[in-house]
Structure formats: C-alpha cells, structure tokens
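Please look over the sequence and the structure shown here before reading on. The paragraphs that follow lead from the ligand site to the sheets and helices.

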Amino acid sequence: MAEAAEAVVETHGLSKRYRGGQLAVDSLDLSVPSGSVFGFLGPNGSGKTTTIRMLLGLIEPTGGTAHLLGEPMPRAANRVLPQVGALIEGPALYDFLSGRDNLIRYDAADPTADPRTRRTRVAEALDRVGLSAAGAKKAKAYSLGMKQRLGLAAALLQPRRLLVLDEPTNGLDPQGMREIRSLVRELADDGITVFLSSHLLDEIEQVCSHTAVMSRGKLITQGTVAEMSAGARGRLVVTTPDTAEAVPVLKEHGVMDVSVTADRVTGELPAAEPPDLADVNAALVRADVRVRAFGLERASLEDVFVALTGEGFDVAG
Ligand SMILES: Nc1ncnc2c1ncn2[C@@H]1O[C@H](COP(=O)(O)OP(=O)(O)OP(=O)(O)O)[C@@H](O)[C@H]1O
C-alpha cells in the first residue's frame, strides 16, 4: 500500500501583512510532498516571493505556521536550513573572480564545510551544473544562464533534501531556460525535492509533478499537474474548410462558446449532459461538413486558472 508521502513543506493559515497594510499572503495552507517537483505558480505580485521568504525564515509571518522538513520555521532555522539549498533573485557573484573561485568563497563562508575537501566539493558542484569547462572563466564572462547555474552549484555544495528556487528561469533566453529546466529534472531524479516559483504556465507543465496556484495572496488550488489538467475540460476542436456549416451543427448539440479561427471551429462542451462525440461527428458528416480533424484539445493549466478565478492569467513582466 502506498503511504502518503511526507510533506517537506507544510503551512497552515500562513499569512503576511506588510507594514503598509497590504495582505500579501492570506491564510495559505500548502503541502509539498517529498520527492516532488513542486511548481508555485501565480502572476506577478500574487505573493510567491513573500511566501518563500517566510518559508526560509527571512521574514516573520504575521499569522499561521510554516514547517520545513517537519520542523517549525523560523524557530528551527539553524537545524533545517543546512539541508535546504536556495536560489532567490539570482546569485550574488563576484564578477572579477572565476566561477570556481566564487564557489570556493561560498564554501569558505559555510562554517560547517571542511576546508580540506573544499576543492573536491567545488569541482563536483561545477560538474553537476555542467560548468566544469567554464570553471576558470571570470564570472563577468558568464551568460545569465551560466550565472544562474553557478548559483545552483553554490546551493548544491552540501547535500540537500530540498531546493527552493524563486523564478529560476526569469530573464533567461530559451536555451538558458532549457538548461535550467533539465537540471531541475536531474536533481529531482537524484531524490531532491524541488520547490520552484514561476509565473510561466508552460514551465510548470514541462517540469513539475505538482503545483499550487496563487492569485492575489490566496491559494486557489493545489495537486498534481496531471490531475489538475484532467479536471478541466478541454475544448472541442473541429478542423474543416466548411466552418460556416459546422457552427450550427455544433450549437445544435449543445456546444457552447463556439468560435472560428481560420479552418478551426472550437467550442466548450457542457458539463451537464455532454453530447456523445461520435454523434456530433456523425451529424457533421450528415451536414456535408468535410472534417479534417476532430477531437478534444487537452486542457492547459491556463484553462484551469481561468476556470477557477474567472480571470486571464497575466504573464506580462
Ligand atoms: N516589503 C514589502 N512591503 C510592502 N509590500 C510588499 C513588500 N514586498 C512585497 N509587497 C507586496 O506584496 C504583494 C506580493 O508580492 P510578492 O513579491 O510576494 O509577489 P510575487 O508573486 O512573488 O511577485 P513577483 O513575481 O513580482 O515577485 C505585492 O502586491 C507586493 O507589492
């Protein structure tokens, strides 16, 4: 029998009201299963960074509780944080030092790190993020993506149970994004739980097993990415040169919100008593609609977000 996975991050009623009066995080109940790649999704300003800062004990909550690796934060910070790697708002790097020397500085700043094994640890961390060959280059010659990978290497100098990454691909070009995403998958394969925030829906769909969706400081939903997309109904898509003839047939079968773009007619199936798709297809053929393709488009997380909030997902910024 499968046991419920232990929660690596658990919050109850976690809230933060900033001094200006703004309730940035409102009664958050979050549960991040061990071994997951957990995508913390929300538009800019929805409270993700504030939550991450509370989880890591960088700011005090104004309400509720947060547990990291089963221990209360910020009380147990000294015991917990050595097992947690974090990358928030890009790594602080010395531009005039090489990538390797930057890591040596990070390692030397850790009082628990044995100086005798420092060089090995640094070499292994560089190797893990694919920067061995570039290790001797000055950090100022690094691309943004390489700097971000160096930041990850710094977070991986010690064995970690949890990695917390705040918008790790923000500002990166597509190649840099791909590198970070595949690195995240590799780390998860090694058994590290990864908690990452993002305002990019497709990023969450590509790399995460689980997700929590935030809007205006509140948690809207959480669960596995697969369950969430399956829960939202996809749109019916008919590809045909006879769009004008297809529209009334779909409407007769209860399809709602029918719209036409080029040779595609799409519409939403009613939740109550959806028509049998075989009947809809047969009716199209009877009405001499020449059908090139017919099927349900998989629902995206964006559909889920829109269905739950009634708002568009603003990906600007
Ligand atoms: N130090 C602060 N003092 C007052 N208000 C703040 C502070 N930090 C954030 N806020 C406000 O709290 C809300 C949530 O911000 P937060 O940075 O947590 O959101 P976010 O989802 O991480 O967005 P982003 O991706 O833009 O960082 C915003 O309205 C923001 O303006």
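Sorted by class, the shell around the ligand holds two nonpolar, 10 polar and one charged residues, where Ala, Val, Leu, Ile, Met, Phe, Trp, Tyr, Cys and Pro count as nonpolar, Asp, Glu, Lys and Arg as charged, and the others, Gly among them, as polar. This is a predicted model, in which local features need pLDDT of at least 70 and side-chain atom pairs count only at pLDDT 80 or more, while totals for chains, interfaces and linings use all residues. Residues are numbered from 1 along each chain as its sequence is written.

Of the 13 residues around the ligand, those that come nearest are Tyr-18, Ala-24, Lys-48, Thr-49 and Thr-50; a residue is near a molecule or strand if its C-beta atom, placed from the backbone, lies within 6 Å of it. Helix α1 (residues 48–55) gives the largest share of this shell, three residues. Helices (H or I, at least four residues) and strands (E, at least two) are DSSP runs, numbered from the N terminus.

The protein chain as a whole has 11 helices and 14 strands, and its C-alpha atoms fill a box of roughly 80 × 50 × 45 Å along the principal axes. Of its 317 residues, 36% are buried, a residue being buried if 20 or more other C-beta atoms lie within 10 Å of its own, exposed if 12 or fewer, and partly exposed in between, with C-beta atoms placed from the backbone.

Six strands form an open sheet with mixed pairing, in the order β6-β7-β8-β3-β9-β10, where two strands pair if DSSP finds at least two bridges between them. Because β6 (84–87) and β10 (218–224) stand at the edges with a single partner strand each, one side of each is left without a neighbour in the sheet. From one strand to the next, the twist averages 15°; axes are lines fitted to C-alpha atoms, for helices over the stretch in contact, and angles run from 0 to 180 degrees between N-to-C directions. Helix α5 (residues 144–155) packs on this sheet, touching β6 and β7 (162–166), and its direction makes about 160° with that of β6; two residues are in contact if their C-beta atoms, placed from the backbone, lie within 7 Å. Strands β9 (residues 210–215) and β10 run antiparallel and are joined by six bridges, and Val-213 has Thr-221 in β10 as its bridge partner.

Another open sheet, of four strands with antiparallel pairing, has the order β12-β13-β11-β14. Here β12 (256–261) and β14 (293–296) stand at the edges, each with a single partner strand, so one side of each is left without a neighbour in the sheet. Strand β11 (residues 236–239) pairs with β14 over four bridges in the antiparallel sense, and the bridge partner of Val-238 in β14 is Phe-294.

Turning to the helices, Val-122, Ala-125 and Leu-126 are buried in α4. Seen down the axis of α4, its buried residues fall within an arc of 100°, so they line one face of the helix; the arc is that of the directions from the helix axis to the C-beta atoms. What covers these buried residues includes α3 (99–108) and α5, and just after α4, Gly-130 takes a positive phi of about 75°. In the loop between α4 (118–128) and α5 lies Ala-134, which is buried, with 20 other C-beta atoms within 10 Å. Leaving aside residues up to four places away in sequence, Ala-134 touches Gly-99 and Met-146.
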